[in-house]
Amino acid sequence: MIWLIILLTMFLVISPVIWLKPNPRQKRVGSLRNAAMQTGIKVTLRVPPLHGEKTPMPAYRWPYPPRQPGPDFMLVRDSHAAEALKPFAHDWRWRKEPLRPLPEGVEARLKRLLERLPQDALVVESGADALTLWWQESQGFARFSTYLEDFEALRDGLAGRPDDRQVPGPPAF
């Protein structure tokens, strides 16, 4: 009987420690996020801009340089987009188009990148402050790193092309 009590006590002491140990997916995602942040990507968990979605999702953000805001647009994977949205590239639709057309080379780079992204990449968004990829982190950093050059070149091509051109106001008196 004493052995049973000792075993039960040990189990009660050890079980929370086992629960705190990260599983293989948590280890992979943690190392992916750390490696991404070391390259200058900002990784956050936020509710994605998808209709009806309330669960936070990882957002990988490539900030635009200071004083060079980017255009506002949002592309959504077909599986999460309404049929009424305008198609852009294979399996992607505009949820919000930029007000000014993208330069030809930048648009071609964006299309090539969208074709290569994993199926769990659901949204590519650009705002004044950053280019953002919303995805479920299905890949490790070795595979993800193959997209870095394209995202950086895309960000650089979009920088300084804001949709809202600053119109100087009347002179101050």
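Modeller: Start with the salt bridge: a side-chain nitrogen of Lys or Arg within 4 Å of a carboxyl oxygen of Asp or Glu. The model is predicted, so local features need pLDDT of at least 70 and side-chain atom pairs count only at pLDDT 80 or more, while totals for chains, interfaces and linings use all residues. Residues are numbered from 1 along each chain as its sequence is written, and side-chain values use heavy atoms, with hydrogens and water left out.

Colleague: How many salt bridges does the rule give?

Modeller: The count is 10. Take Arg33 and Glu137: their closest N and O atoms are 2.7 Å apart.

Colleague: Which parts does that pair tie together?

Modeller: Helices (H or I, at least four residues) and strands (E, at least two) are DSSP runs, numbered from the N terminus. Arg33 is in helix H2 (residues 24-38) and Glu137 is in the loop between S7 and H4, so the pair ties together parts 104 residues apart in sequence.

Colleague: Are Arg33 and Glu137 buried or exposed?

Modeller: Buried means under 20% relative accessible area, exposed over 50%, partly exposed in between (1.4 Å probe, protein chains only). Glu137 is buried at 1%. Arg33 is partly exposed at 22%.

Colleague: What does Arg77 meet in a salt bridge?

Modeller: Asp91, at 2.6 Å, N to O. Arg77 sits in strand S3, and Asp91 in the loop between S4 and S5, 14 residues apart. Arg77 is buried, at 2%. Asp91 also has a positive phi of about 75 degrees, although it is not a glycine.

Colleague: Which residues are joined into one network?

Modeller: Begin with Arg93 and Asp78, whose side chains meet at 2.8 Å, N to O. Arg93 is in strand S5, Asp78 in the loop between S3 and S4, 15 residues apart. Arg93 counts as buried at 11%, and Asp78 as partly exposed at 28%. Salt bridges that share partners join Asp78, Glu83 and Arg93 into one network.

Colleague: Now the sheet. What is the strand order?

Modeller: Two strands pair if DSSP finds at least two bridges between them. Here 7 strands form an open sheet, ordered S1-S2-S7-S6-S3-S5-S4, with antiparallel pairing. Strand S1 (42-46) and S4 are at the edges with a single partner strand each, so one side of each has no neighbour in the sheet.
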